[in-house]
Amino acid sequence: MITEQGTGLVERLRAHLADASASSFQLMGDDLALLTGPDLRAAAAAYDEHLTRAVPDALRAAFEAEQRALLREAHALLRRHNHCLHARIAGYLDLGRRFGFEYPWPTVAVLGISTVLDGMARMRVYGLLGRATARLGLPHVERASERIDDALRRTNRAIFADSVPLTLLALRCHSLRRDGRGDLATALLEGPLPPLMDEECRGLARRLTDAFGIEDGARRYEALAALTLEHFRREQAVFTHHLGAPRQGPPRPHPTWLDRLVGNVRAVRAPRVERGLLGRRRLVFRNHRLPPGFDIRAHAPRVTEFGRAFVSSITRCREDYQAAVDHTLARFGAQGERVVVAFPRGGTQVR
């Protein structure tokens, strides 16, 4: 459960929705229409109060300049990459290169998009079938397939928009600490957040900043792999939101037999690292079997199963993760690009 603290806009949104678990990523969608002029005034007052309480006067100007620069950088990345699936893949690789791919999350995201592309192709097959059945007076097939296709696209776009500023914030705070500006890093992590971040973003950014700074490479990898799973849980909350399902409790019954067919999946194509005859690791995609009666709209079971399928499957050890990076760059990176993720002592090197 997200705490009731947070930016003023998120607090106002939660009040309108009567939902204490509402997240800042919802402000990038239809829920933004709920906010009014008085909400903006209340949010501005909350921002000023938090700024006065958490950021010393001597750091105020530097804090505001750093936050402004961070948001401009995030905006540039989003404008460049957040317009189609393949452009987002390039954006994830851009981020990964900045920290030598030490944080597995961008690699996991790219491999997840590979599965999304496969899923959308299947939805198009359902859609073609639906057009034929609609002529027979059965419109449900086309509607169900289009609904899932739309949810996948909106989710993928929202995840990228939610995650880029968060990751850039952590990376910048890590750089400030290395440059002897830990006071400014603390101000950015403890002061008022940008409007499209909430307390869950703050918690992830704090932990990610700390993990980037771990001196020992083996311990740093363990911390960053664990955080990838936490980041993945937030991504799945975005998916749940766009599916129109609750984050807690069971989803509503399926309205039609086709919704049940599409939603109750038996397996998902997911990455897995296997060893060849000579012991060389390689990443392949295999069917990950799901429990009987699995409903893709059920949030907690999906987080557990998809976390195993897409995160734990490639982050169990550094050698498995290197195979995942190799596969990702061979398929989507620059020609001949290869990065050895060495995790040298001394903390993550920012590029």
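Author: In this predicted model, a residue is buried under 20% relative accessible area, exposed over 50%, and partly exposed in between. By that rule Ala61, Arg72 and Arg79 of helix α3 are exposed, on the face turned away from the buried side of the helix.

Reader: Which residues of α3 are buried?

Author: Arg60, Phe63, Glu66, Gln67, Leu70, Ala74, Leu77 and His81. They lie on the same side of α3, because the arc they cover around the axis is only 135°.

Reader: How do you know that the span of α3 agrees with its number of residues?

Author: Helix α3 has 22 residues, 60–81, and at 1.5 Å a residue it should span 32 Å. The C-alpha atoms at its ends are 32 Å apart, so the two values agree.

Reader: What makes Asp39 and Arg12 a salt bridge?

Author: A side-chain nitrogen of Lys or Arg has to be within 4 Å of a carboxyl oxygen of Asp or Glu. For Asp39 and Arg12 the N to O distance is 2.7 Å, so the pair qualifies. It links distant parts of the chain, with Asp39 in helix α2 (residues 37–54) and Arg12 in helix α1 (residues 8–17), 27 residues apart. The structure holds 25 salt bridges.

Reader: Is Asp39 buried or exposed, and why?

Author: Asp39 has 1% relative accessibility, which is under 20%, so Asp39 counts as buried.

Reader: Which parts of the chain does the salt bridge of Arg172 and Glu66 tie together?

Author: The side chains of Arg172 and Glu66 meet at 2.8 Å, N to O. Arg172 lies in helix α6 (residues 140–178) and Glu66 in helix α3, so parts 106 residues apart in sequence are tied together. Arg172 counts as partly exposed at 32% relative accessibility, whereas Glu66 counts as buried at 15%.

Reader: Why is Arg98 called buried?

Author: Its relative accessible area is 17%, and the limit is 20%, so Arg98 is buried. Arg98 forms a salt bridge with Glu73, the closest N and O atoms being 2.4 Å apart. The pair links helix α4 (residues 85–98), which holds Arg98, to helix α3, which holds Glu73, 25 residues apart. Glu73 is partly exposed, with a relative accessible area of 33%. Salt bridges with shared partners join Glu73, Arg80, Asp94 and Arg98 into one network.

Reader: How many aromatic pairs does the whole structure hold?

Author: A search finds 10. In one of them, Tyr92 and Phe160, the ring centres are 5.0 Å apart and the planes stand at 85°.

Reader: Why is the pair of Tyr92 and Phe160 called edge-to-face?

Author: Planes over 60 degrees apart count as edge-to-face, and these stand at 85°, so the term applies. Tyr92 lies in helix α4 and Phe160 in helix α6, so the pair ties together parts that are 68 residues apart in sequence. Tyr92 counts as buried at 2% relative accessibility, and Phe160 is buried at 0%.

Reader: What makes Phe306 and Phe310 an edge-to-face pair?

Author: The angle between their planes is 65°, which is over 60, and the centre-to-centre distance is 5.8 Å, which is within 6.5 Å, so Phe306 and Phe310 qualify. Both lie in helix α11 (residues 299–315), four residues apart, about one turn of the helix. Phe306 and Phe310 are buried.

Reader: Which residues form one aromatic cluster?

Author: Tyr92, Phe99, Tyr103, Trp105, Phe160 and Phe212.

Key: Residues numbered from 1 in each chain as written. Predicted model: local features only at pLDDT ≥ 70, side-chain atom pairs only at ≥ 80, totals over all residues. Heavy atoms only, no water. Helix = DSSP H or I, 4+ residues; strand = E, 2+ residues; numbered from the N terminus. Expected span 1.5 Å × (residues − 1). Buried < 20%, exposed > 50% of the residue type's maximum accessible area, 1.4 Å probe, protein only. Arc of directions from axis to C-beta. Phe/Tyr/Trp six-rings, centres within 6.5 Å; stacked < 30°, edge-to-face > 60°.
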